[in-house]
Structure formats: C-alpha cells, structure tokens
Amino acid sequence: MAASDRMVLGPLVGAIDQGTSSTRFLVFNAKTAELLSHHQVEIQQKFPKEGWVEQDPKEILKSVHECVERTCEKLQQLNIDITNIKAIGVSNQRETTVVWDKTTGEPLYNAIVWLDLRTQSTVERLLKRIPGKNKAFFKFRTGLPLSTYFSAVKLRWLLDNVEEIRQAVDDGRAMFGTIDSWLIWSLTGGKNGGVHCTDVTNASRTMLFNIHSLEWDPELCQFFDIPMEILPKVRSSSEIYGLMKICPSLKSGALTGVPISGCLGDQSAALVGQMCFQDGQAKNTYGTGCFLLCNTGQKSVFSEHGLLTTIAYKLGRDKPVCYALEGSVAIAGAVVRWLRDNLGIVKTSQEVEKLAAEAGTSYGCYFVPAFSGLYAPYWEPSARGIICGLTQFTNKNHIAFAALEAVCFQTREILDAINKDCGIPLNQLQVDGGMTNNKVLMQLQSDILCIPVVKPSMPETTALGAAMAAGAAEGVGIWSLNPGDLTAVTCERFEPQINPEESEFRYARWKKAVMKSMGWETSEAPSNGDTSIFCSLPLGFFIMSSMIMLIGAKYVSGAGK
C-alpha cells in the first residue's frame, strides 16, 4: 500500500471493549466506520465460593495493553500508519467494582463482577432500614431497585469485609471505580497523575448517582455509608479525559499521547453503535448477559413492569442527557460457556449451534439459567437454575436447544415489558453481540418474538459506539454524529417461521418453568455453618443406632446358616 493510499483512510479511532468474558481493542475508519483490525484476549473469571464472581483488575489492565499492542502490530503489517489513530474510546462491563490504592496503583481486592451474589445479605440488611422493605424506594432518584447487581452494595461489602480497604479509606489512599474508571486512571498515568473519572452512563449503574441532577447523591452515599471522597469525577460520555501514557512495566506505549475521549457503559455503547438516537428505537445485545435498551429521549420513563431507568448517553459536556428503559438478563452467553466449561458437552461455544440445529427442538425440555437469580422483570435473587421436562429420550442436543431457547424466552419477557411501558409495540428488534453469530439463535429469537430480528453485518456495535463517542468529542472532531452523515449499515434479517400459536404455547411452558425456579435460596445459613447430619443429635443417634442394629442382624443371620 502506497503512502497516498494510506492517506485515503483518513483519521482512525480506537476502541477498548472490556467485557465480562474478554477484552478487545478495535480500530475504525472515522469516515466510513469500517473495522480495520482488532485483537481479543479472554479474561479469567474466578469463583472462590458459590455465587461469588471475581476478576483480577491487573489481568484486565494487562489484557488491554496486550490488545492495543497486538492490534497496532497488525495495522503496521497492513501498512496502515498508527499515527492516524487520533482518539480512543472505552466501553466496559458495568457495575463491576474495583477499589485500589492511589499511592501504589495496586488493587486492594479482586474486582467484584456484576453477576456476583455475595451481597444478598447486605441487601437484606439495607432493606430493613427502608420503609416497608421497598426495593424500589430509590427508583425515582436512581432508576434502579435495591439489588446485588449494582455497585453500591458491592462497595459496601468491600468496606465491611476487607480490612485493607477500610484502612486505605481511613488513610485517604483508596479510590473506587467501575472498570472504566480503573482503566482510564491506569492508562492516563496511574499513580503518576492518572485521571480519576467516570461517565454518566457508568455512574448511573452504581446506585449512588442521581440521574436527574447528574451528580453523586449525598443522601444515597449516606444511606450506603460510602465516603464521597473515594468516588470518581463524573463526566459526559464524549470529551477528552486525558492522554495515553507509556506503561513502563509492560513496555507498552504504541499510542502514547493519544487522547482518551469517549466512555460508555457497554450497553449504552451498543445503543450508540446501533445508531438508536430516536425515541422508541431499541437494541438487544447478546453477550455474557442479555440487555435490551429502548431510547426514551430526554425524558426519564419509569417502568411499571420491572425494567430499569438508566442513562443512555450524554454525547458532550454541553449536550443533553438521554435516557433509556432497560431490561437486564444475567445469563445469556454465559449459559453456553457453562455447557462448555461445567458440563463439558461441547469443546467450543460454536458447537452448541450445531447440536441445537441437529435437534431442531428441545422436545419439551425447558432450561431456566437463573445461576445468579433472576433479573428483569422479576428481580428475584432466590431463584436458581433448573432444567425441567426431561425424559429418557432427552439428550445433549435437546439441552443445547433449550439453552438457546432460554435466551430467547428471557428476551421475550423483557420485550413484553417494554411494549407495556412504552405503549407502542416494537415492529422489529435490532440485535448485536457475540451470540448473534449463532444463526439458530437468531431464527429462534424471531420465532419466539413473532417479529423480524435485524442483525448488522458488522456486529461490533459496542466498540463502534465507544469509537463514535471518542471521535465526536470536542477537541477531536473527526466523527460526525449528524444523522445525515452516519454511514448506512447493511443488515441480515430473520423473519418468523412458526405460527404465533406455537410460539405462545412454548412461551407459556417457559413461564411455568420460571415459576418453579423461584424460592430456592435464602441468605440464612445454618447457625454454626455445620451442615452435617450429626449436628442434629436425635437424627444422628437414630442413624447410628440403625446402623448398629443392621450390622447385628447380618451377624445373627450369618451365624444361623
């Protein structure tokens, strides 16, 4: 490629897409939105106890550096000049909570992932302080119910249970942030002048943020007993936060001096990347979880059907904030990973599509993957996963089909809620995320919703949204967000292929299975933690005496032969 050809590419924008399962760095052409190159690294999830989900913040940061370096190497191999990268955007898994020491730059504990359930007892303790134990007590201030899902209760748990964090807070050394804050602070210098900030979309998922005043709420911080000095500064989703700095320990510095100028929680980034800028436009992202967002414009709409009110984006310091209704499903792609890693019925995630296609039906088997309780529209932490309707005929193909069908049924529940809240049913669903490569899943989704499902040919809409926000920032100005300037997107369309009666029958059976999944767990453990049958003396005595009598009877019968 000649130098003149390289110039035709024009300015480029990079996007860090840090998700629950993996980290990626992608580079786009700011004029055409074409994806030029990317690199991906899978992230390890740790499960130290049942219901606990953690990740290593240092591993996450290292994966970002690795992805940036490898992508830049790939661009150079394509003879693309990396000095054309003029801005970087950040998209991240939301709610996941990190606390670190600003003097050493070291995390003080593993990141507690959004899926984590350890805070159920914390939630129940906090509920006792709320009139009527009303989970929706803070809904009109935060848009959120009191739940294990959001950052405030994770941070409260850390302050209650980790002495190093309590001491760092007392010493004035502690910093709190969601993954975006940890990355931006680290990438802009860390302990040597790193910028401690977040954007409105991520702040709106902490339960400490007033979504109307767009500020940390002192009363909420007082309720959760969170010191406000450890919180990051809240900025818009599109402005220059700081410049990339060299990482000496990793010898990583390919993009030193490039501004980080876009930041969006992953689901907001996907909404922007799908160009859902009009009221009533919606998208569904299929990742580790499943998240359906509907843009409600500059008006915050509060759901009567179990949905969240969240900030969609604020694309500039002086630009208006836009809101969305959101339905959150904890387990989507994670169920495929569970089939692979826990059950071992497939070696790769792609094999699930093949097994499901071979079955063509679940044969009456229904799977409710409530591994972390149920999110929208139920908000039921006591639920646990079940597979029901099993017969001797059921095999792994049927279970694979039922797992994919479960993702579609959960989306149907959310879509029904959004249609009720908005009053205008969606006539098609825009989709994105890694799972949308599964054609069986996409066809199932259309069949179960009874509307077309539309998938963009370039599925990396989350990263695209972060890149758009970064490129459009004041002081960068290389990506126009004017509707007339946005690049038209080619799409693949899936139409319903079954009749609505069959869809309704299967959906009704699914709802029956959901009811059976509820009420399995409580936060109350046995008083001394000993689940042995011998902790009950009468039962232990009965079992021991029965065993002695059985042995004695065998001895007597043997002696009489």
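Analyst: Rings of Phe, Tyr and Trp (its six-membered ring) pair if their centres lie within 6.5 Å. This is a predicted model, and it holds 27 aromatic pairs.
User: Nice. How is the pair of Trp 114 and Phe 291 arranged?
Analyst: Trp 114 and Phe 291 sit edge-to-face, 5.7 Å centre to centre with 65° between the planes. They link distant parts of the chain, 177 residues apart: Trp 114 is in the loop between β7 and α3, and Phe 291 is in strand β16.
User: Is Trp 114 buried or exposed?
Analyst: Trp 114 is buried, because its relative accessible area is 3% and the cut-off is under 20%. Phe 291 counts as buried too, at 6%.
User: Which residues are in the cluster with them?
Analyst: Ring pairs link Trp 114 and Phe 291 with Tyr 149, Phe 150, Tyr 375 and Trp 379.
User: Switching to helices: how many residues does α13 have?
Analyst: Helix α13 has 27 residues, 396-422, and reaches 39 Å from its first C-alpha to its last. Of those residues, 23 are buried.
User: And what about its two ends?
Analyst: At the start, a side-chain oxygen of Asn 395 comes to within 2.9 Å of the backbone nitrogen of Asn 397. After the helix comes Gly 423, with a positive phi near 80°.
User: Last one: what does the side chain of Thr 461 make a polar contact with?
Analyst: The side chain of Asp 432, at 3.3 Å. Thr 461 is in helix α15 and counts as buried, at 2% relative accessibility.

Key:
Residues are numbered from 1 along each chain as its sequence is written. This is a predicted model: local features need pLDDT of at least 70, side-chain atom pairs count only at pLDDT 80 or more; totals for chains, interfaces and linings use all residues. Side-chain values use heavy atoms; hydrogens and water are left out. Helices (H or I, at least four residues) and strands (E, at least two) are DSSP runs, numbered from the N terminus. The expected span of a helix is 1.5 Å times one less than its number of residues. Buried means under 20% relative accessible area, exposed over 50%, partly exposed in between (1.4 Å probe, protein chains only). A polar contact is a pair of N or O atoms within 3.5 Å; within protein, one must be able to donate a hydrogen and the other to accept it, and residues adjacent in sequence count only if both atoms are side-chain atoms. Rings of Phe, Tyr and Trp (its six-membered ring) pair if their centres lie within 6.5 Å; planes under 30 degrees apart count as stacked, over 60 as edge-to-face and the rest as tilted.
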